[in-house]
Each structure stands twice: as structure tokens, then as C-alpha cells.
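The following paragraphs lead the reader through one protein chain. Please keep the sequence and the three-dimensional view at hand while reading.

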Amino acid sequence: MSVQTLYTAATGMEAMQTKLDVIANNLANINTTGFKKDRANFEDLLYRTEVYPGVQDATQTPTAVGTQVGLGVRVTSTQTDQRQGTLQQTGRDLDVAIQGGGYFRVVDPSSQETMYTRAGNLDINANGQLVMGSASVGRLLDPPITIPQDATAVVINSNGEVMVRQPGQTELTNQGQIQLAQFINPDGLLKNGENMYSVTDASGPEQINNPGTDGMGVLRQGNLEASNVEPVQELIDLITTQRAFELNSQAVQAGDQVMQNISQLRRF
């Protein structure tokens, strides 16, 4: 039926629109520190079964196939590509990248909820505490680490030890330990924006360890993890998605043309 063509093609256009939204978000965050790109997944909808596979023909012989007409498509999920982003050297003491698995743990000041991020652009607030470099929210690193006011240098080892050099001292002073969190299903984390994630039932509970232990990644001071968006691949996906949208719109036009031809039939 031509009417069904319109509805089926409409589901395709809606699904392609969602994929375009996902691609646009990936491209928009191409320079976002620690960003992980998303992918839209699809599934076919119900089928109108006119003849079931395996029914018996006139000679009581089972048929090999049936007659089923699909009713369209929908987006079933968006999955996050957890692959490592390129490490970009900044030379800044408070820039820290995670090489491998794991997330920094921070505390949201409004809800006191523990949140997670791959962005390691740290800074020091007015109280000398390490926080995420944000102009709107002062999220403290968890566990908290305080840097003395007279510190002349900050050293963050690959295993997460934070040490400072102070005037008149020849040895570095240990100020705390950065810990990382890992999840059995990181795709199940809730994305809150601002490079932040929250735990959900799908992600499973956090598993906390020091960097470099029990499968955790190591820290690289003076580096930031770049977005893992691949511009060329995203542009290719953008073009193919646009063409798929146009094909579905042409199917709508074809169905409309068939209905117009039927309505113009005359009996002579």
C-alpha cells in the first residue's frame, strides 16, 4: 500500500535525522578535552506477515520462505566509543591525561554527588585545593588534595602521587594521591554535559584504585587527552546519512505519486 510507504519512509527520515544529530554533536566536540564520540545504532520495526515461512503448499510440501513486509526502522541506542584519544602535550604542571582506562573522581558542590570525567585540566582554587578547571562550577578532586601557597612546582607521578617543591627544601613533599574510578560497563554512564558522567545501574558501581594498578591507566603530567573524534570518518558518515535521508524523502514522494495516480483513475 502506498500509504504504508509514507509511514515507513518517515521512520527512515526520523532515524537519519537522529543520526545526523549524533554526528553533529561529534563534530561540535572535536576539540573537547577527553570527549568520546557516539554512534547511533538502528533496528528494524515490526513486519506485516502475509504468508508465514514454512506453510504447506497445495501438495502439502512446506515452503522455504514467506512473504513479510517491513514497517520501517528506529534508533535503538547510542553507544560511546571508549577508545583512547591522542595525548596533546601542554607543558602545564596541572594538566594531567589518563593513558588507559579510568576516570577522575570529582565532587559536585551543589548535590555532593561524586562525578567522573576524562578531562584532566586541573587548577587550584582560592583555598589551595585541586579542582577541575571550570569557570562556572568548582568541583573538587576526590579525594581532596591541597597545594601549599608557597609551592614553587607541582609534580604528579604516573601512579597519581601529587608532590610539591617548597622554598628551602631539597626534597619533594607528598600532598596526596589521585585515585581513578573504573566501571564494568562505561557505556552505561549517564552523560551530564560539562565533560561529566554519573554512575547508573547500567554502568555498575565504581571500582577505585590508584593509577597503574589493577588495569587502571597511568597519568601523564603536562598532557591532555584530545577528543577521539575522527573528522574524515565523521564527514563520510555525514554524507552517507544525508543521502539516506534524501532517499527516504524520495520514497515519500514516490508513494505520494502513486496515490495521486490512483485517485485520478477514471472508469470509461
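Pro 143 is placed in the loop between strand 11 (140-141) and strand 12 (153-156); helices (H or I, at least four residues) and strands (E, at least two) are DSSP runs, numbered from the N terminus. The peptide bond that joins Asp 142 to Pro 143 is cis, with omega near 0°. The model is a predicted one, in which local features need pLDDT of at least 70 and side-chain atom pairs count only at pLDDT 80 or more, whereas totals for chains, interfaces and linings use all residues. Residues are numbered from 1 along each chain as its sequence is written, and side-chain values use heavy atoms, with hydrogens and water left out.

Two further backbone features concern the angle phi. Most residues other than glycine have a negative phi, and most peptide bonds are trans. Gln 60, although not a glycine, has a positive phi of about 65°. Gln 60 lies in the loop between strand 2 (47-51) and strand 3 (67-70). Its relative accessibility is 52%, so Gln 60 counts as exposed (buried means under 20% relative accessible area, exposed over 50%, partly exposed in between, with a 1.4 Å probe and protein chains only). Glu 194 is not a glycine either, and has a positive phi of about 55°; Glu 194 is found in the loop between strand 16 (190-193) and strand 17 (196-198).

The UniProt record, an unreviewed entry, annotates residues 97-164 as "domain: Flagellar hook protein FlgE/F/G-like D1". UniProt positions are given in the numbering used here, feature names are shortened, and annotations may be inferred rather than shown by experiment. Over residues 97-164 the chain is 0% helix and 41% strand, and the C-alpha atoms at the ends are 19 Å apart.

Attention now turns to the aromatic rings. A search of the whole structure finds three aromatic pairs (rings of Phe, Tyr and Trp, the last by its six-membered ring, pair if their centres lie within 6.5 Å; planes under 30 degrees apart count as stacked, over 60 as edge-to-face and the rest as tilted). Among them is the edge-to-face pair of Tyr 103 and Phe 183, at 6.0 Å centre to centre and with 65° between the planes. This pair links distant parts of the chain: Tyr 103 belongs to strand 7 (residues 103-107) and Phe 183 to the loop between strand 15 (180-182) and strand 16, 80 residues apart. Tyr 103 is buried, with a relative accessible area of 4%, and Phe 183 counts as buried at 4% relative accessibility. Tyr 103 also forms an edge-to-face pair with Tyr 197, at 5.6 Å centre to centre and 65° between the planes. Here too distant parts of the chain are linked, with Tyr 103 in strand 7 and Tyr 197 in strand 17, 94 residues apart. Tyr 103, Tyr 116, Phe 183 and Tyr 197 form one aromatic cluster.

Charged side chains remain to be described. The structure holds 14 salt bridges, a salt bridge being a side-chain nitrogen of Lys or Arg within 4 Å of a carboxyl oxygen of Asp or Glu. One of them joins Arg 118 and Glu 225 (3.0 Å, N to O). The pair links distant parts of the chain, for Arg 118 is in the loop between strand 8 (114-117) and strand 9 (122-124), and Glu 225 is in strand 20 (residues 223-225), 107 residues apart. Arg 118 is buried, with a relative accessible area of 6%, and Glu 225 counts as buried at 1% relative accessibility. Lys 36, Arg 118 and Glu 225 are linked in a network of salt bridges.
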